[in-house]
Amino acid sequence: MPASNLRRVAVLVLEGAKPLDVGIPAQVFTTRASMPYEVRVCGAAPGLVTGSDGLSYHVSHGLDALAWADLVFIPGYRSPDREDAPQSVVDALIAAHDRGARLAAISTGAFALAATGLLDGKRATTHWHYTRALARRHPRLRVDENVLFVDEGSVLTSAGAASGVDLCLHILRGDLGVAASNHAARRLVAAPYRSGGQAQYVPRSVPEPLGERFAATREWALHRLGEPLTLEALARHAAVSPRTFSRRFVKETGYTPLQWVKRARIDAARELLECSELSIEQIAADVGLGTGANLRLHFQRILGTTPSDYRRTFARGE
């Protein structure tokens with residue numbers, strides 16, 4: 001892909017940066033033939049940045065990378081509730097956002113993003129251990145501790161390290177479509193998609209074997225989207241009552257079972273629109289949405305576009 005078409009990604013490493021939080025966006029968006037991104041890892045200044053967990057980072061770029069980037073990731077760092085991000089970093093983040101860049105915080109990187117004021121009045125999240133501290137330190141935020149990530153358009157936040165993967169895949173889906181996101185997930189051996197509304201962790205009162213059973217039921221359903229998938233059928237596969245299945249499914253995923261099935265069908269339709277020449281009617285039938293009219297209705301409600309427009313935007317090989 002020509003360099004002019006590359007999307008520019010900066011990963012901002014602050015003092016005390018957490019290794020996984022730094023590595024996730026750097027690896028997900030790494031420059032390769034199938035990924036139209038160029039990544040630069042930067043710090044407040046070029047040189048050595050002391051991280052956490054015994055690691056340090058030698059970065060080649062300073063804050064000039066934020067003036068270059070279309071997308072800036074702010075990985076988590078230690079003691080965010082006690083130490084403010086440098087003012088030069090805060091100013092550079094504001095300038096990048098004013099120029100049109102998206103800012104995405106992983107875990108406690110939300111504290112540096114919140115210091116810009118760009119999250120004021122918006123929903124945000126961070127690692128569950130720090131959600132109350134974030135709310136105290138930045139009371140104008142609407143902190144949600146029960147989600148994996150929050151997308152507020154030009155500013156995005158995520159919970160702990162694993163949810164950083166979910167946030168990156170969510171961004172990929174919006175940029176390149178479902179097929180590219182699923183390909184990246186397979187490369188990372190990660191779940192293809194977990195909704196931002198999913199709980200950060202399953203409450204201890206939910207037995208672990210039941211959580212595993214529900215995960216198996218979701219996997220079972222994904223291979224049968226073209227078949228009738230009622231609440232009763234899903235509960236029967238999980239070997240629990242429909243009422244129990246529904247209640248605990250919402251706790252785990254943030255969706256009711258039938259909402260989750262509908263979104264899974266829309267995702268399957270998106271990938272077929274991107275990667276096949278099947279008609280809209282055939283795709284609707286294959287993914288269990290019945291008719292093209294039904295597919296168009298759900299596309300408009302959930303994605304705000306039509307299947308035809310989506311295909312024109314994301315079809316492969318164009």
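This report describes the fold of one protein chain, from its overall form to a few single residues.

The structure is a predicted model, in which local features need pLDDT of at least 70 and side-chain atom pairs count only at pLDDT 80 or more, while totals for chains, interfaces and linings use all residues. Residues are numbered from 1 along each chain as its sequence is written, and side-chain values use heavy atoms, with hydrogens and water left out.

## The chain as a whole

The protein chain contains 14 helices and ten strands. Helices (H or I, at least four residues) and strands (E, at least two) are DSSP runs, numbered from the N terminus. The radius of gyration is 21 Å, close to the 20 Å that the globule rule gives for 318 residues, so the chain is as compact as a globular protein of that length. This radius is taken over C-alpha atoms, and the rule is 2.2 Å times the number of residues to the power 0.38. Along the principal axes, the C-alpha atoms fill a box of roughly 55 × 50 × 35 Å.

Of the 318 residues, 49% count as buried. Buried means under 20% relative accessible area, exposed over 50%, and partly exposed in between, with a 1.4 Å probe and protein chains only. The accessible surface comes to about 14900 Å², and carbon and sulfur atoms supply 51% of that surface. Accessible areas come from the Shrake-Rupley method with a 1.4 Å probe.

Among contacts with a separation of 6 or more, 65% are between residues 24 or more positions apart; a contact means heavy atoms within 4.5 Å. The chain has 38 positive and 32 negative side chains, and the centres of the two sets lie 5 Å apart. Lys and Arg count as positive and Asp and Glu as negative, whereas His and the chain ends are not counted. Each charge is placed at NZ of Lys, CZ of Arg, CG of Asp or CD of Glu.

## Parallel strands

Two strands pair if DSSP finds at least two bridges between them.

| Strand pair | Sense | Bridges |
|---|---|---|
| β1 (residues 7-12) and β2 (residues 37-42) | parallel | six |
| β1 and β5 (residues 71-74) | parallel | three |
| β5 and β6 (residues 102-105) | parallel | four |

Phe73 in turn has Ala104 as its bridge partner in β6. Within β5, Leu71 and Phe73 point one way and Val72 and Ile74 the other way, and all are buried.

## Residues in loops

Ser79 lies in the loop between β5 and α3 (87-98). The phi of Ser79 is near 55 degrees, a positive value in a residue other than glycine. Ser79 is buried, with a relative accessible area of 15%.

Ala239 likewise has a positive phi, of about 60 degrees, although it is not a glycine. This residue follows helix α9 and lies in the loop between α9 and α10 (242-253). Ala239 is exposed, with a relative accessible area of 58%. In α9 itself (residues 231-238), Ala233, Leu234, Ala235 and Ala238 are buried. An α-helix has 3.6 residues a turn, so residues three or four places apart point the same way.

Leu148 occupies the loop between β8 (142-143) and β9 (149-151). At 2% relative accessibility, Leu148 counts as buried. Leu148 and Thr126 are 22 residues apart in sequence and 8.4 Å apart in space, C-alpha to C-alpha.
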